[in-house]
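Subject: Structure handover

Hello,

I am handing this structure over to you. Please open it alongside this note. What I found follows below.

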Amino acid sequence: MKRIAVFCVTYHSDRELEQYLTSLRRAQEYAGDKVGLDIFVGRNTDEDNPGYFGAVRRLMTEVEVKSYDYVIVSNVDLTVEVDFLSQLADYDCAEDTGWIAPQIYSSYEDRDRNPGRMHRLSLNALRILKTVYRFPFLDTLYRHTLYRRKRYQHHEAGTIYAGHGSFIILTRNYLERCGTIDYPVFLFCEEIYLAEMCRRNGLTVVYVPHMKVNDTEHVSVGQMSHSTYCRHNFEAVSYIIRHFY
C-alpha cells in the first residue's frame with residue numbers, strides 16, 4: 001500500500017474545495033487497498049492568510065511528511081480522475097525522481113498546463129520578468145500582445161524542468177533530500193522554487209501525462225487586483241534570483 005498525503009489550500013473557495021475532496025474520495029475508493037490517503041486542508045482567510053506555500057508549510061509542521069510515499073500539494077479548483085490515485089500507486093518511481101507532474105487539463109484553454117517549463121530560465125530572462133512586474137503597465141501590454149500569440153506544444157512523457165504549480169506530486173526522495181517546503185514568499189514562482197530545490201539536490205522532475213487532473217481555473221488569483229498580482233510576482237522573482245542564481 002502507498003501512503004499518500006494531500007496538502008491543499010483554499011481561500012474563499014468552499015464549493016471548489018468540496019468538489020475536489022469528493023473527487024479524491026472517489027479515487028481513493030476506486031484504488032482500494034492500494035492507497036492510504038490523508039487529506040490536510042489549509043483554510044486561508046482575510047484575517048489569516050500566509051499564502052499558498054505558507055499555508056502548506058504550516059500544515060506540514062504538524063505531520064511527519066517523510067512517512068508518506070507521495071505528498072500532493074495543490075490548490076482546490078481541481079478534480080482528479082477516478083483512477084488517479086490507482087495510477088499513482090502503480091507508478092514505477094525512479095530513485096532520482098523528486099517531483100511528478102501529471103496532466104492538468106484546462107477546459108477553459110483546452111490544453112494541458114503541464115509541462116510547466118521544459119527548460120530553466122536564464123538570469124537575464126528572470127531580470128526581464130522582474131522589470132515587467134515592477135511596472136504593471138508592461139505586464140498589461142504583454143497580456144494583450146505576446147501572451148495571446150503563445151502557441152502550446154504537445155509533449156511526450158519524460159524529464160522536464162518544472163511542472164505547473166497548481167497540482168504538485170512530491171516523492172519521498174524529495175522530502176528526504178530537500179526537507180519540507182520552506183518558501184517564504186506569499187504567492188507565485190512556487191514551481192521554480194521546487195525545480196531549483198530538485199536541481200540543487202540531484203533530483204529530476206518528470207512529466208507523466210497518463211495521470212490526469214482537471215483544472216477548473218484560478219479561483220483565488222482571479223480575485224486579486226492587477227497591482228497586487230504584479231507586486232507578489234515581483235517579490236517572488238526577486239527571491240528566486242537571490243537564492244538560486
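Keep in mind that this is a predicted model.

Start with strand β3, residues 70-74. β3 is joined to β8 by 5 bridges, and the two run antiparallel. To find your place, look at Tyr-70: its bridge partner in β8 is Thr-171.

β8 has a further partner in strand β5, which covers residues 97-106. This pairing is also antiparallel, over 2 bridges. Here Ile-100 stands opposite Ile-169 of β8.

Now β8 itself, residues 167-171. 5 of its 5 residues are buried. Both faces of the strand are covered. One side carries Phe-167, Ile-169 and Thr-171. Ile-168 and Leu-170 sit on the other.

Next, the nonpolar cores. The largest has 50 residues. Within it, Trp-99, Tyr-174, Ile-181, Tyr-183 and Tyr-193 touch the most other members. Helix α8, residues 226-244, gives the most to this core, with 8 residues. A second, separate core holds 29 residues. Leu-17, Val-35, Leu-85 and Tyr-70 are among them. That is the Tyr-70 that pairs with Thr-171 in β8.

Last, a closer look at Tyr-174. Which residues does Tyr-174 touch, leaving aside those up to four places away in sequence? The list is Gly-98, Gly-179, Tyr-193, Leu-194, Met-197, Cys-198 and Leu-203. Tyr-193 is itself one of the core residues that touch the most other members.

Best wishes

Notes
Residues numbered from 1 in each chain as written. Predicted model: local features only at pLDDT ≥ 70, side-chain atom pairs only at ≥ 80, totals over all residues. Heavy atoms only, no water. Buried < 20%, exposed > 50% of the residue type's maximum accessible area, 1.4 Å probe, protein only. Helix = DSSP H or I, 4+ residues; strand = E, 2+ residues; numbered from the N terminus. Pairing = 2+ DSSP bridges. Core = buried A, V, L, I, M, F, W, Y, C linked by side-chain atoms within 4.5 Å. Contact = heavy atoms within 4.5 Å.
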